[in-house]
Amino acid sequence: MSMKLKNLLILVFMLIAGVPLFVGLQSLNHYTGEHHRRQMEDHLNSLSLIAKKRVLDVIQRIEDNTALVASRTQMRLSLAEWLESGDSEDLEVIQRILNDAKNGLRHLKGLSVFDSQGKLVVSTDGLSRATPTLTAAWKAEAPQGPKRAVLQLEQEQDQVLLTSVAPLTLDHRLIGYVRLAFYTRFITDLIRDRTGLGETGEWLFAIRHESGDAQFAMPLKYDPQAAFRRRVAKDRLDIPITQALLGNELIMRNAPDYREIPVLASTRYIADLDWGLVAKINEEEVNRLLNQNRIYIYLSEFIIVSVAVVAGILLSIYIAGPIERLRAHTSKVASGRFEQPPEAGGWQEVRDLSQHFSYMILALKDLNDNLQQKVEERTQELNLVNRKLELLATQDPLTGLHNRRYFSERLDQELSRAHRYDGPLALVMMDIDLFKAVNDAHGHLTGDEVLKGVAHYLAAAVRETDVVARIGGEEFCLVLPECTKSSALTFLERLRADIFAMNFRSDGAEFSISCSFGVAFMDDSSLDANTLMSHADQALYQAKEQGRNRVMIYSSDGRVVPVNEFQEGS
């Protein structure tokens, strides 16, 4: 009877200790595996998002540089004069301006100027006038000429270039185009840097072929000759790069890549340029990492269940012991041998074992809480990186002022608000006079200090509602909403005088600078941002022509006049 009871207790405690624990650990194993996979997906998704923002930031810089070159007033005037007279001196002026621009821009291969028909006028690459016109792909995208820069990837010999083409206008008429060709090192560096993508990870970068297929624009890890040679059919919707070009930003599990190998992929779409970006890792590597994690969990499960079973057996033996001693004592009583009854025991150990199980459950809960905390910390880090990227996308890195992209958005907003409420608005373009001479005489580092000094003064001088931005080189723009014409001109005259009074040092010697200002007011509700910018640009050009260090105003009758000749109602 005692042996049967002992065996029954052993069996019961083995079931009570082992089965629920085994089932619970199996559920934990499944949850941990799925959680680990989701962590890898979140990691891949974060990498692809950061990569997309890096590409967009560089694209914005290229657009800003293109707009800066296209805004060179002297280049446009010389091009217009050459188109009328064919004077070679005008070509020399354009060539000199292009050479100066090329020397001031990084990763630039060359610049070219074309006439309004798309025929080459002058180039820094030494191209002849017999060079073909602008590419057919560009004409197909903007057959009548774009209103802004058009960017596209092109293959030239054995290298891939990113070209940016912008219109050149003068007095509201198209006179030609400027084309900038940049090396794509920022993309190739991104593709080659596979940090965080494991052993099999890879970046894919594709553009849309004229047939609609996805065409790889950069070398691949497993196909170095893939650029502009390898394509994926547009009807292969199961392949990540095709989904990226469809504008779908998602995580794809067990999706075939271009080699038909199952991968875990994160897709991104750059809408403005119709580019697709994919970060991927082979599913084989993902599963291998998950299996390694499962091995550790299975080993832990085996140890825990084994300990629980042994503890159950020992507990069963300990509980059955008093019963056996009581049975032996009863036998002695029945035979006439009286002895002190044995002490009952064993239940304290049961309570201790229950406490151990409670500690184990609390330890598992702590493990889950720690995992959740790590996920939250990673999310906060990603949000911080996103905020920094957003700041980089709207801030000029040298001066800390807003950049051209942010300025364009705010100008549209303030112009819309002025139209809606019929309020005053002034747009100011200012340029540091003879800034190239400052760089030549004192060096580019001193030139940068001049730019930062002017920027710091402007940021401190404007109101909170005003907008001040560096739109390129030594050129700044201000938007003054809710500011009357007389107040704006008084403020600008003070700016001009204060900047002229500033002193800068270089090699122990002091020097000063001056600035020219062009002002345009919103006198007509039909004026758009481009027209207002053109008026301010014309006024700035006249300020330069009239001797610099002055404020010129574009009046409502189309004339450009100095401050002392401007009337409030004009």
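In this predicted model, the contact between helices H2 and H3 brings Gln74, Met75, Ser78, Leu79, Glu81, Trp82 and Ser85 of H2 against Asp90, Leu91, Val93, Ile94, Ile97 and Leu98 of H3. By class, these residues comprise 8 nonpolar, 3 polar and 2 charged. H2 covers residues 73–85 and H3 covers residues 88–103; their axes come within 8 Å and cross at roughly 150°. An angle over 145 degrees counts as roughly antiparallel, and the two helices are therefore roughly antiparallel to each other. The crossing of H2 and H3 is left-handed.

Helix H11, residues 444–461, packs on helix H12, residues 485–501, at an angle of about 150°, and their axes are 11 Å apart. The crossing of H11 and H12 is right-handed. On the H11 side, Val454, Tyr457, Leu458 and Ala461 make the contact, and H12 contributes Phe491, Arg494, Leu495, Asp498 and Ile499. Here the division is 7 nonpolar, no polar and 2 charged.

Finally, the sheet. In what order do the 5 strands of the open sheet stand? The order is S2-S1-S5-S4-S3, with antiparallel pairing. Strand S2, residues 120–123, and strand S3, residues 150–156, lie at the edges; each has a single partner strand, so one side of each has no neighbour in the sheet. From one strand to the next, the twist averages 25°.

Within this sheet, I would draw your attention to S4 and S5. Strand S4, residues 159–170, and strand S5, residues 173–183, run antiparallel and are joined by 10 bridges. Ala166, for its part, is placed opposite Val178 in S5.

Technical notes. Residues are numbered from 1 along each chain as its sequence is written. This is a predicted model: local features need pLDDT of at least 70, side-chain atom pairs count only at pLDDT 80 or more; totals for chains, interfaces and linings use all residues. Side-chain values use heavy atoms; hydrogens and water are left out. Axes are lines fitted to C-alpha atoms, for helices over the stretch in contact, and angles run from 0 to 180 degrees between N-to-C directions. Helices (H or I, at least four residues) and strands (E, at least two) are DSSP runs, numbered from the N terminus. Angles under 35 degrees count as roughly parallel, over 145 as roughly antiparallel, 65 to 115 as roughly perpendicular and the rest as oblique. A crossing is left-handed if the near helix is turned anticlockwise from the far one by less than a right angle, and right-handed if clockwise. Contact means heavy atoms within 4.5 Å. Ala, Val, Leu, Ile, Met, Phe, Trp, Tyr, Cys and Pro count as nonpolar, Asp, Glu, Lys and Arg as charged, and the others, Gly among them, as polar. Two strands pair if DSSP finds at least two bridges between them.
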